[in-house]
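This report describes selected structural features of a protein model. Please consult the sequence and the coordinates alongside the text.

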Number of protein chains: 2
Amino acid sequence: MLSDIEIARAATMKPIGAVAERLGIPGDALVPYGKHIAKIDHAFIRSVQDRPRGKLVLVTAITPTPAGEGKTTTTVGLGDALNRIGRKAAICLREPSLGPCFGVKGGAAGGGYSQVVPMEEINLHFTGDFHAITSAHNLLSAMIDNHVYWGNEPKIDGRRLTWRRVLDMNDRMLRNQLNGLGGTTNGFPKEDGFDITVASEVMAVFCLSKDLKDLEARLSRMVIGETDKKEFLTAAAVGAPGAMAVLLKDALQPNLVQTLEGNPAFVHGGPFANIAHGCNSVIATETALRLADVVVTEAGFGADLGAEKFMDIKCRMTGLAPDAAVIVATIRALKMHGGVAKEDLSKENTAALEVGFANLARHIENVAKFGVEAVVGINRFASDTDAEVSTLLALCERAGAKAVMCTHFAEGGKGAEALAHEVAAILDAPRRAQFRTLYPDEMPLLDKVATIAREIYRAAGVEADPKVKAKVKQFEAAGYGRLPVCVAKTQSSFSADPAAKNAPTGHVLPIREIRLSAGAEFVVAICGDIMTMPGLPKVPAAVNIRLDSDGRIVGLS
Amino acid sequence: MLSDIEIARAATMKPIGAVAERLGIPGDALVPYGKHIAKIDHAFIRSVQDRPRGKLVLVTAITPTPAGEGKTTTTVGLGDALNRIGRKAAICLREPSLGPCFGVKGGAAGGGYSQVVPMEEINLHFTGDFHAITSAHNLLSAMIDNHVYWGNEPKIDGRRLTWRRVLDMNDRMLRNQLNGLGGTTNGFPKEDGFDITVASEVMAVFCLSKDLKDLEARLSRMVIGETDKKEFLTAAAVGAPGAMAVLLKDALQPNLVQTLEGNPAFVHGGPFANIAHGCNSVIATETALRLADVVVTEAGFGADLGAEKFMDIKCRMTGLAPDAAVIVATIRALKMHGGVAKEDLSKENTAALEVGFANLARHIENVAKFGVEAVVGINRFASDTDAEVSTLLALCERAGAKAVMCTHFAEGGKGAEALAHEVAAILDAPRRAQFRTLYPDEMPLLDKVATIAREIYRAAGVEADPKVKAKVKQFEAAGYGRLPVCVAKTQSSFSADPAAKNAPTGHVLPIREIRLSAGAEFVVAICGDIMTMPGLPKVPAAVNIRLDSDGRIVGLS
């Protein structure tokens, strides 16, 4: 089979105007970035906001393993398949981050015959949204330290600042640094550091904002540090939010591209799925829902992190509610959860599959707790044996879940038609359950974490040392107690221990640190080591990325 | 009079396709970024490269003062005026840097009725070129330190690295920093720092590259540090140039916009004019010359820095040669050179004007040394008295220079028609002198600096301590002796002392440090304090930049 970039390059793309037309977006509402990418302008978005919403389908997954699950691929394949069976469907994805493309990860625009294109542009600078977010974030950083430097009012103590800087680059050297060296004209010595841009609160704010006004208001509320009286300082104190909104104005317009089959895809925003909520922008989802009959979207990592945050953060804030969910699994990944080593995955092992099914079963139960009906979409690999396939289908049936084999990676939308029919059946049937979030706004913050830990992670309890508890008290006293909680923990386990595969029980969730994202409007509970600035591997992917003699990109995957 | 942003916003812009048509650029050669900005694609640029070049006009200026000269404004006004008198003219400008827009400086797209538009986009993210340069630069930074971190071959000693990082932001805190703190998983402690993106060697390389191949070759040759045997390490050693070229591929396509009068303007690249050569990209200039009969371009700072580098670096490397030059001056600035304080500039003072004329006279003589005929373009201010105007015109005549009063700031191209006629007369006349650079390639490096100091700065000599001389020897031994020299000194004086206004003599040029830009292909002689990362003022311009209730940008100037 061809590589992703070869498949993507061989595709004949429609002019982006033709893709937009399918959704009824007129040409003058498009801001073109070349022939195959456009932003949809703010005026048009405002003009459709009172239309009724289409149906929303959330694609989520089992607990990720190195074997790969194919969540983005399934989102793309399902979107194409829904179009093939006669639905006017659009998809909504996160934008890939540029930095990780040069490390281990490669691109993030789907794979095989279920990709969004133009793949190279989407994976690299795209329409510059992340660059705009980097600029806005770092303008605030510079203005904060400049405020301290000049001794402006209100007086700010440089040691009580928590706002860092960001770059869209995997650069471990910038994690912990001492800035402002070199004497009085060069600032003041300050312990500092950079995160990757997707970890910026500006990214989370960007993705949760309804419009430009909401964006600026949220930026104004972001907490940058504290006074010596433990009062929170916000970005507004240094006069930055106006200029930040100016830098983000064009970026906030959602990007429209197409799938390999020429169907509309909104690719906009991309916050981390640990310290942030991990879904594409609210503006993209809301706009797509006004233009399409069905919108398929995804949430980061497995359902314990991604789907939970989608429901409890994004849906809670916006009034969105998924009409159906797809839980993506692979036989290989479930065998890994069942104890098989990566190198043995190609050998048939129905016993391990039965053991590892416990992971999928728990995610199925969890999604049902939100009142959302789910279908299991199984990405079929060539190494899956017929015995394994029938074992898994039988296990799903016994668990009361619909499950469908999918081959969209190799076949495009055609390979996800069976899944599309199942999803469509849910969308067309009278709704059997009412969507609900997991906890009410008024629940105390630590109880919210405990609820997620109990209901979703199946933990025996949570623990937090007195420092964390004191911080929670401080947040609640300042009026932030009603915010939802965003748990940052490993994506590789239901627990906080990445080595605990499958469906661990009896574990205790340790809350190591608690942070306030007052602009994004959630409280982050950090449970375990969360890396907010990746490093490069010994041989970075970048070493093999270059232009060929015709000026075409090779080595980007 | 309206503000720049008000004038720019009130303009009715042509679709960018219509602007391109005037230069014979077909629609399918354009990569649109919205309706009023486009990049011109690599294939079209290759297709016109064998056409004969049009005429090239360089706009330069007297030694800058806080009174302002209006070099960009004159470039725009002259371009419009040449079109008005029937020439097919295009202009070539540098792209503004985003960071300084939020500090003191404001935008850099001309002013009054001589601007390039859309002003807001050009001053902010534009087509993302500087973001691409920032990414490419910092990818190399991350790959270098990652190479050291993993102990890859060839072994590199982290203490012998000279390559820093960049951001397009005024942020003094990042000038000097200690990175890689926090233990073994977080890198290794390293003295480090950030420059502003326009100071990146990647920017200089970008602006001097003929095409993508040349770009990658130059990136490969950039020196990043030394071995313990004092051999130079290049970017190629860590395998970065291919991926850097990938990041810069689209950015290298020149940007086409328009003047307020709808004439074509190439705005592309923008290196510093002190530690780099300070002109827009070679690709933009070369492309414009193939498409227009006359191309008007500018060089940074006064003629001592900007014009000298334009001739000795850009023209030397490319075979370009200006067919005429314009030296921009104002009566107010010459009065400042003559000793008048800024607050007294509105009072008539012909005596001070006569004294300060020495600055202009010297620049006139200097430009003639390159074999280029020049016209003096005087930007008229409302406060200039008739007596001052006739004094200056008489002084110019006595010095053998043509001088023309210009009012394009207030009147657009009409106000520069007289200047356009003088320039056209030079272009149409048989060439009286042969273009020449100031020194031959084979002259030793320190002699090159001494030649510039003697011929252009009128210094009594140069001085360099043994450390600098040893470095020069090392460069020459490694084969870099044939490179031209890029002097980095204050733009406010012919000397290295910013307080020495007008036409100082007897000064000695102190070479404090010498650096190699092996990819850009020049050696930088640093003479005085050169700031490569600006800071923000006590009240940054950003504080007043915001969106109004209609979502329009206010406060950007």
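Which residues make a nonpolar surface patch of about 410 Å²?

## A nonpolar surface patch

In this predicted model, the patch is made by Met1(A), Leu2(A), Tyr113(A) and Phe409(A). One of these residues, Leu2(A), is located in the segment before helix 1 (4-10) of chain A. Leu2(A) has a relative accessible area of 45% and is therefore classed as partly exposed, since that class lies between the limits of under 20% for buried and over 50% for exposed.

## The three-stranded sheet of chain A

Chain A contains an open sheet of three strands, arranged in the order 20-23-22 with mixed pairing. Its edges are formed by strand 20 (485-488) and strand 22 (513-517) of chain A, each of which pairs on one side only. From one strand to the next, the twist averages 25°. Strand 20 of chain A and strand 23 (residues 522-526) of chain A are parallel and share four bridges, whereas strand 22 of chain A and strand 23 of chain A are antiparallel and share five bridges. Val523(A) in strand 23 is the bridge partner of Val485(A) and is also the bridge partner of Leu516(A). In the hairpin of strands 22 and 23 of chain A, four residues lie between the strands, and Glu521(A) takes a positive phi near 75°.

Strand 23 of chain A is mostly covered, with five of its five residues buried. In a regular strand, side chains alternate between the two faces of the sheet. In strand 23 of chain A, Phe522(A), Val524(A) and Ile526(A) point one way, while Val523(A) and Ala525(A) point the other way, and all are buried. Helix 12 (residues 303-318) of chain A lies across strands 20 and 23 of chain A and runs at about 165° to strand 20 of chain A.

## The three-stranded sheet of chain B

In chain B, three strands form an open sheet of mixed pairing in the order 20-23-22. Strand 20 (485-488) and strand 22 (513-517) of chain B each have a single partner strand, so one side of each has no neighbour in the sheet. The twist from one strand to the next averages 25°.

Four bridges join strand 20 of chain B to strand 23 (residues 522-526) of chain B in the parallel sense. Within strand 23 of chain B, Ala525(B) stands opposite Val487(B). Helix 12 (residues 303-318) of chain B lies across strands 20 and 23 of chain B, at about 165° to strand 20 of chain B.

Why is strand 13 (residues 255-259) of chain A largely enclosed by the rest of the structure? Five of the five residues of this strand are buried, so the strand is largely enclosed.

Strand 13 of chain A takes part in several antiparallel pairings. Two bridges connect it to strand 2 (residues 38-40) of chain A, where Ala38(A) has Leu256(A) as its bridge partner. Two bridges also join strand 13 to strand 6 (residues 114-117) of chain A, and here Val116(A) is partnered by Thr259(A).

## Salt bridges, buried and exposed

A search of the whole structure finds 76 salt bridges over all chains. One of them pairs Asp145(A) with Lys190(A), whose closest N and O atoms are 2.8 Å apart. This pair links distant parts of the chain, with Asp145(A) in helix 7 (residues 129-150) of chain A and Lys190(A) in strand 9 (residues 190-192) of chain A, 45 residues apart. Asp145(A) counts as buried because its relative accessibility is 2%, and Lys190(A) counts as buried at 6%. Both residues belong to a network of salt bridges that also links Arg165(A), Asp192(A) and Asp171(B).

In chain B, Lys335(B) and Glu388(B) form a salt bridge with their closest N and O atoms 2.7 Å apart. Lys335(B) lies in helix 13 (residues 331-337) of chain B and Glu388(B) in helix 15 (residues 386-398) of chain B, 53 residues apart. Lys335(B) is buried at 1% relative accessibility, and Glu388(B) is buried at 0%. By contrast, the salt bridge of Asp228(A) and Lys229(A), at 3.9 Å from N to O, joins residues that count as exposed: Asp228(A) at 55% relative accessibility and Lys229(A) at 63%.

Note on methods: Residues are numbered from 1 along each chain as its sequence is written. Chains are lettered from A and ligands numbered from 1 in the order in which they are written. This is a predicted model: local features need pLDDT of at least 70, side-chain atom pairs count only at pLDDT 80 or more; totals for chains, interfaces and linings use all residues. Side-chain values use heavy atoms; hydrogens and water are left out. Patches are made of residues with over 30% relative accessible area and no salt bridge: like charges are joined within 9 Å, nonpolar side chains (Val, Leu, Ile, Met, Phe, Trp, Tyr) within 5 Å. Accessible areas come from the Shrake-Rupley method with a 1.4 Å probe; for residues, only the protein chains shown count as cover. A salt bridge is a side-chain nitrogen of Lys or Arg within 4 Å of a carboxyl oxygen of Asp or Glu. Buried means under 20% relative accessible area, exposed over 50%, partly exposed in between (1.4 Å probe, protein chains only). Two strands pair if DSSP finds at least two bridges between them. Axes are lines fitted to C-alpha atoms, for helices over the stretch in contact, and angles run from 0 to 180 degrees between N-to-C directions. Contact means heavy atoms within 4.5 Å.
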